[in-house]
Amino acid sequence: MSNIRFRALDQLHKRKKEDDYHPPSSKISDFFGEYVFGAKVMQEYLPPNVYEQLSICIENDQIIHREISDMVAAAMKTWAIKKGATHYTHWFQPLTGATAE
């Protein structure tokens, strides 16, 4: 198995450098946050009542009910696929200062 890893690393080092990154605009504010599932995107992809309930939970630091979280997850997946995602993960990072264990 380690031989496969070393071959992969060898191939990686032999690759030609791709062209430098060219941003879509000279103004960062034109594209900053383009790949963030934020409030504006949520409002577009969620039914109005779900968006409203989610906003209330976020603003008041309340628990999000399972039905709402399932709808948010489905909307986020749809949005990500439309953005060209082929792989997807949800990274949960609690804001409590503790671990998520």
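Phe6, Leu9 and Leu12 together make a nonpolar surface patch of about 270 Å²; such patches join nonpolar side chains (Val, Leu, Ile, Met, Phe, Trp, Tyr) within 5 Å, using residues with over 30% relative accessible area and no salt bridge. Areas follow the Shrake-Rupley method with a 1.4 Å probe. This is a predicted model, where local features need pLDDT of at least 70 and side-chain atom pairs count only at pLDDT 80 or more. Residues are numbered from 1 along each chain, and side-chain values use heavy atoms.

Phe6 sits in helix 1 (residues 2–14), helices being DSSP runs (H or I) of at least four residues. Asp10 and Lys14 also belong to helix 1, 4 residues apart, about one turn. They form a salt bridge, with their closest N and O atoms 3.0 Å apart; the rule asks for a Lys or Arg side-chain nitrogen within 4 Å of an Asp or Glu carboxyl oxygen.

Now to helix packing. Helix 3 (residues 48–59) and helix 4 (residues 66–82) pack at about 110°, with axes 10 Å apart; axes are lines fitted to C-alpha atoms over the stretch in contact, and angles between N-to-C directions run from 0 to 180 degrees. The two helices are therefore roughly perpendicular (65 to 115 degrees). Val50, Gln53 and Leu54 of helix 3 meet Ile68, Met71 and Val72 of helix 4, contact meaning heavy atoms within 4.5 Å.

Technical notes. Patches are made of residues with over 30% relative accessible area and no salt bridge: like charges are joined within 9 Å, nonpolar side chains (Val, Leu, Ile, Met, Phe, Trp, Tyr) within 5 Å. Angles under 35 degrees count as roughly parallel, over 145 as roughly antiparallel, 65 to 115 as roughly perpendicular and the rest as oblique.
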